[in-house]
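This note sets out some points on the structure below. Please read them with the sequence and the model side by side.

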Amino acid sequence: MVDLAALRHNYSTLCALAPGARCAAVVKADAYGLDAGRIASTLHDAGCDIFFTATPDEGVEVRRAAGQASTVFVLNGYQSGTHGFLASHGLIPVISSADSLQAFHREGGGPFALHVDTGMNRLGLTVSEALDLPAAHKAGLQLVMSHLACSDVPDHPMNTRQLERFRTVLKSFPGIPASLSNTGGVLLGLDYHFDILRPGIGLYGVNPATEQAAPFRPVLHVDAPILQIRQVPAGDTIGYGARYTAQNERSVAIAAFGYADGLPRAAWQSGTARLGNIAVPLAGMVSMDLTALDITGHEALARASGRVQFYGEDLGPVAGASGTIGYELLVRLGQRLKREYRGQ
Ligand SMILES: *Cc1c(COP(=O)(O)O)cnc(C)c1O
């Protein structure tokens, strides 16, 4: 279940953290797997009118959902030959190399954003390329942006280093709106906000900085039926590979949610799910369609409700148990799951 009321709450929370900035929304990868069309139209109704996608095709869907008046940026740069496509859908490329900037101007120019690399070494012009950019190449420039490599670790020295470099770059772009912060950057404080925020994961209710609390509400809840409840005697094992051994007699619920649905196999080592509001540990390796949960002491509740909830509050811990991050679990949510949207 995707909780659109929680999405709106997270959007207004991010806006309130940065009163001097405009809060855009990053809706790449189908809005982190949650359906870019629905997410963009919900956020648009909540007052958001700037969106970032990764690809032009994603941009087309977001343009359709967010109305003609919204600004839609495409993060993955400018590919020669795509000028007509972008222009016809009103999509603004975020240009990330000197060569592609030249191609863009040669092929028609118009509105664009500039991505400057301040230390991540992913996309973007180098700082010196940005500082030396000829004035003619700035025609149509709507936004100067960079991206933080370590904003999920608040006291990482990369944050201040990138902030300083970004400030240096901006001296060459007076009057042009600036954007540095993803969700983690927004949480780093006012110095990082500039004119436009680019949160993604926080909108979807996941705290990027696991070391400290964040004010977001979970957006994704997976509701799975319990197919069977069984008693496992002391010394018996559970699941493939017999990796889990019951130290004493346990009650186990088998839930219909497995790695085909996106739950990593390794999540069992310390992952949890919810029986009502009780956190219950996974017990034994996750299989393709099924996961065992230790519900010892809560058998009556499990029989009465017949269901358990995955992700929600447990998304971060399950990701941690699986050696990954909440982002990856969201985008890997299985196609088989029926999507239900609440809180319209
Ligand atoms: C994905 C992305 C974001 C959003 O990051 P979150 O950590 O999800 O908030 C912002 N900017 C760029 C360039 C990105 O690639």
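Helices of at least four residues and strands of at least two are DSSP runs, numbered from the N terminus.

1. The model is a predicted one. Its protein chain holds twelve helices and 19 strands. Along the principal axes, the C-alpha trace spans about 75 × 40 × 35 Å.

2. Of the 344 residues in the protein chain, 49% count as buried. The accessible surface of the chain comes to about 15000 Å², and carbon and sulfur atoms account for 50% of this area. Among contacts between residues at least 6 apart in sequence, 64% join residues at least 24 apart.

3. The charges deserve a brief remark. The chain has 27 positive and 30 negative charges, and their mean positions are 2 Å apart.

4. The UniProt record, an unreviewed entry, places the feature "active site" at Lys 28 and Tyr 240. These residues are spread over 213 residues of sequence and also in space, with up to 35.6 Å between C-alpha atoms. Of these residues, Lys 28 is included in the lining of the largest pocket.

5. Lys 28 lies in helix H2, which covers residues 28-33. Its relative accessible area is 27%, so Lys 28 is partly exposed. Beyond residues up to four places away in sequence, Lys 28 touches Phe 52, Thr 53, Ala 54, Glu 58 and Leu 75.

6. Tyr 240 sits in the loop between strand E12 (237-238) and strand E13 (244-245). Tyr 240 counts as exposed because its relative accessibility is 58%, the cut-off being over 50%. Leaving aside neighbours within four places in sequence, Tyr 240 is in contact with Met 285 and Ser 287.

Notes. Residues numbered from 1 in each chain as written. Predicted model: local features only at pLDDT ≥ 70, side-chain atom pairs only at ≥ 80, totals over all residues. Heavy atoms only, no water. Buried < 20%, exposed > 50% of the residue type's maximum accessible area, 1.4 Å probe, protein only. Contact = heavy atoms within 4.5 Å. Areas by Shrake-Rupley, 256 points an atom, 1.4 Å probe, with all protein chains shown as cover. Lys, Arg positive; Asp, Glu negative; His and termini not counted. Charge placed at Lys NZ, Arg CZ, Asp CG, Glu CD. UniProt positions renumbered as here; feature names shortened; annotations may be inferred. 1 Å grid on protein atoms, 1.4 Å probe; cavity = no way out; pocket = protein on both sides within 12 Å on 5 of 7 lines; lining within 4 Å.
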